[in-house]
Amino acid sequence: MKGNQQLNVFSFTMIVVGLVIGMGIFRSAATSAQHAIEPSVYFAAWLMGGFVALCGALTYAEIGSRFPATGGYYKVFSYAYHPSIAFAINCIILISNAASLSVVAIIGSGYIAKLFPGTPWTDVDKALLSAGAIILFYLINLRGLKMSSRAQNILMIIKIGMILVLIAALLFPYDTSSAAAIAESATAAIPSTPEMSWIQSLGYSLIAVSFTYGGYQQTINFGSEVKNPARNIPKGIFFGIAIIIVLYLLVNYSYYQIVGFEQMKGEREIAYAVINKVFGPKGAAVFSFFLFFGVLAYVNALLMSNPRVMFAMSDEGSIPKIFSKQNEKNGVLVVSLTVFAATCLIILFFAQTFDAILNFTIFLDCFGMVASSATIFKLRKQTKHLDGTGIYKMKLFPLLPLIFMATYCFVGVSIAIQTPQTALVGTGVLAAFMAIYFISQRVKNGTKQA
């Protein structure tokens with residue numbers, strides 16, 4: 001990667017924040033609250049999610065320092081495991097990311113629909129608007145990393161601004177006269193919460209929280225594209241996660257204080273409900289308009305990151321070499337970027353509801369999170385010669401990665417208990433991709449012999 005195309009600490013930090021803060025904080029808070037039997041469970045889930053994210057961020061920071069390579073999130077699997085595992089996990093991660101991007105774009109279009117209350121928006125209309133956003137940022141990413149990074153910085157400033165508005169709402173008086181009516185209607189829409197233990201409730205609540213905190217692990221895909229990666233990768237990840245934890249906790253307190261815990265469970269566009277209650281319909285409309293641009297930051301970040309995984313898979317020979325083809329002028333992975341964007345568009349028009357895709361996405365992510373973070377144990381042994389050379393080396397090892405892995409195992413088990421069919425389908429998809437790998441290798445070897 002050319003020097004003028006490399007990322008500095010600020011740009012890399014914004015990518016970290018952009019990969020994590022999608023639409024989750026503006027939607028999944030309601031889903032998390034639905035599964036919490038009391039406020040203590042809800043806030044414990046968000047505090048635990050932040051702590052686990054920090055453990056994971058520090059783990060991936062060291063992985064990135066010891067293994068700085070473009071497409072590192074794929075190559076680290078290939079380095080530590082059998083190629084079939086690397087191929088299968090990264091295929092399901094790509095599908096999961098494409099689905100997440102598409103669903104987030106649809107949720108963002110739902111906020112735009114709030115600007116036209118008299119217009120009946122169909123699912124097709126929202127899908128077309130979302131498709132337009134994906135195509136726009138596909139074209140921006142074709143211009144090169146420097147151009148897409150600049151767009152990411154601008155969009156992240158807008159998105160962080162929207163979060164700060166939600167936090168600042170705590171400082172303004174709001175109308176409480178209609179609170180009873182709002183509470184009654186919202187409570188009526190809340191599905192009944194079955195009897196469960198505090199721990200079981202925490203596990204279910206953590207599913208949505210994990211989705212909202214996830215994404216930072218993809219930053220190791222940028223490896224050698226960051227200036228001085230040994231120093232700047234851990235620094236950018238740490239700064240990014242610290243910003244995210246503070247923002248998430250403050251926004252959730254705003255939801256809790258202004259909307260109310262029970263009423264949160266029935267609000268899908270919960271951020272809109274907060275702004276509408278504090279600043280009125282006009283303020284909520286303006287907020288929704290700018291919030292959509294914040295959504296675009298998530299779309300742009302995934303379009304920047306995932307083609308690099310496909311590049312790494314192609315470089316390893318798991319998929320055709322054409323996926324590693326780069327533009328000679330700006331280094332853009334044209335084929336990989338185009339295929340990933342097309343996958344997002346296809347999924348976009350077949351996507352189901354947010355809640356249905358949420359469990360499937362997180363269950364698939366659990367495989368990747370546990371397997372990728374576990375590579376730190378092998379990397380520590382194989383790269384001892386790098387100790388003391390300026391690379392990042394986490395403290396409290398191996399406690400931090402073990403906490404991270406145990407938490408995602410807990411989340412995966414919670415999903416299997418809550419929706420067994422989702423767990424079976426996710427496991428089946430993983431097994432299918434492993435079978436595809438062995439079949440393709442047999443065909444390839446047979447062709448060579450012939």
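Modeller: Let's start with Arg380, which counts as buried because its relative accessibility is 15%. Buried here means under 20% relative accessible area, exposed means over 50%, and partly exposed is anything in between, using a 1.4 Å probe and protein chains only as cover. Before we go on, keep in mind that this is a predicted model, where local features need pLDDT of at least 70 and side-chain atom pairs count only at pLDDT 80 or more, while totals for chains, interfaces and linings use all residues. Residues are numbered from 1 along each chain as its sequence is written, and side-chain values use heavy atoms, with hydrogens and water left out.

So who does Arg380 pair up with? Its side chain meets that of Glu62 in a salt bridge, at 2.6 Å from N to O. Arg380 sits in helix α14 (residues 354–382) and Glu62 in helix α3 (residues 39–66), so this pair ties together parts that are 318 residues apart in sequence. A salt bridge, by the way, is a side-chain nitrogen of Lys or Arg within 4 Å of a carboxyl oxygen of Asp or Glu. The helices are DSSP runs (H or I, at least four residues), numbered from the N terminus. Glu62 is tucked away too: with 0% relative accessibility, this residue counts as buried.

Now move along to Arg66. Its salt bridge partner is Asp387, and the closest N and O atoms of the two are 2.6 Å apart. Arg66 belongs to helix α3, whereas Asp387 is in the loop between α14 and α15 (399–418), so here the bridge ties together parts that lie 321 residues apart in sequence.

Asp387 has another partner to show you. Lys393 also forms a salt bridge with Asp387, and there the closest N and O atoms are 3.4 Å apart.

For context, a search of the whole structure finds five salt bridges.

Notes
Helix = DSSP H or I, 4+ residues; strand = E, 2+ residues; numbered from the N terminus.
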